[in-house]
Amino acid sequence: MERHTKNTYTGQKYADKLASTVSLAEVVWLGDSRELRAFPIGVQQDLGYALYQVQLGQLPLDSKPMRTVGPGVYELRDQDERAWYRVFYLKKIAGVVYVLHCFEKRTAQTERKDIEVAKERLKRLNEQKRAKERRQTRRSQDEGKRS
């Protein structure tokens, strides 16, 4: 087998370089979205690992966009013999992953109330971000006037 590169990319040096360049995003749980802890252990582990992938900036395999909730919102999915489990999250933005809603469902259809809960939390989050930006803009304008 012919080698096309001088260095192998599976060595420890390369793995160390990768580990040092990837930053882990903070996870912010909105409302009662920590209900993930009430899910069965196996489901918690699967969804927890999927959230870890999101923290790394990766897109988990069983993740799909939830355009009905809003732009940038995705759904993580898992199931066991009893129910389906869902996590709605806002993709990594400025080093933060926002978990909007976690819930269990027993039918294939996502209930309207779960979509509305996630929409409302996204709306409040966006309002908070806009208010923070306005405060920062005013603060910088006030500092400019003092100079």
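Me: What relative accessible area does Arg 124 have?

Reply: This is a predicted model, in which local features need pLDDT of at least 70 and side-chain atom pairs count only at pLDDT 80 or more, while totals for chains, interfaces and linings use all residues. Residues are numbered from 1 along each chain as its sequence is written, and side-chain values use heavy atoms, with hydrogens and water left out. Buried means under 20% relative accessible area, exposed means over 50%, and partly exposed lies in between (1.4 Å probe, protein chains only). Arg 124 counts as partly exposed, because its relative accessible area is 43%.

Me: Which residue forms a salt bridge with Arg 124?

Reply: A salt bridge is a side-chain nitrogen of Lys or Arg within 4 Å of a carboxyl oxygen of Asp or Glu. For Arg 124 and its partner, the closest N and O atoms are 3.7 Å apart. Both residues lie in helix 3, four residues apart, about one turn of the helix. The partner is Glu 120.

Me: How many residues apart in sequence are Lys 64 and Glu 75?

Reply: The closest N and O atoms of the salt bridge between Lys 64 and Glu 75 are 3.8 Å apart. Lys 64 belongs to strand 2 and Glu 75 to strand 3, so the pair ties together parts whose separation in sequence is 11 residues.

Me: Is Glu 75 buried or exposed?

Reply: Lys 64 has a relative accessibility of 32% and therefore counts as partly exposed. Glu 75, at a relative accessible area of 2%, is buried.

Me: Which residue forms a salt bridge with Asp 62?

Reply: In this salt bridge of Asp 62, the closest N and O atoms are 2.6 Å apart. The pair links distant parts of the chain, with Asp 62 in the loop between helix 2 and strand 2 and its partner in strand 3, 15 residues apart.

Me: What relative accessible area does Gln 55 have?

Reply: Gln 55 lies in helix 2, which spans residues 41–55. Leaving aside neighbours within four places in sequence, Gln 55 is in contact (heavy atoms within 4.5 Å) with residues including Leu 24, Lys 92 and Val 97. Gln 55 is buried, because its relative accessible area is 14%.

Me: What share of the 147 residues in the chain is buried?

Reply: The chain exposes about 10,500 Å², of which carbon and sulfur atoms supply 49%; such areas come from the Shrake-Rupley method with a 1.4 Å probe, and for residues only the protein chains shown count as cover. Of the 147 residues, the buried share is 31%.

Definitions and conventions: Helices (H or I, at least four residues) and strands (E, at least two) are DSSP runs, numbered from the N terminus.
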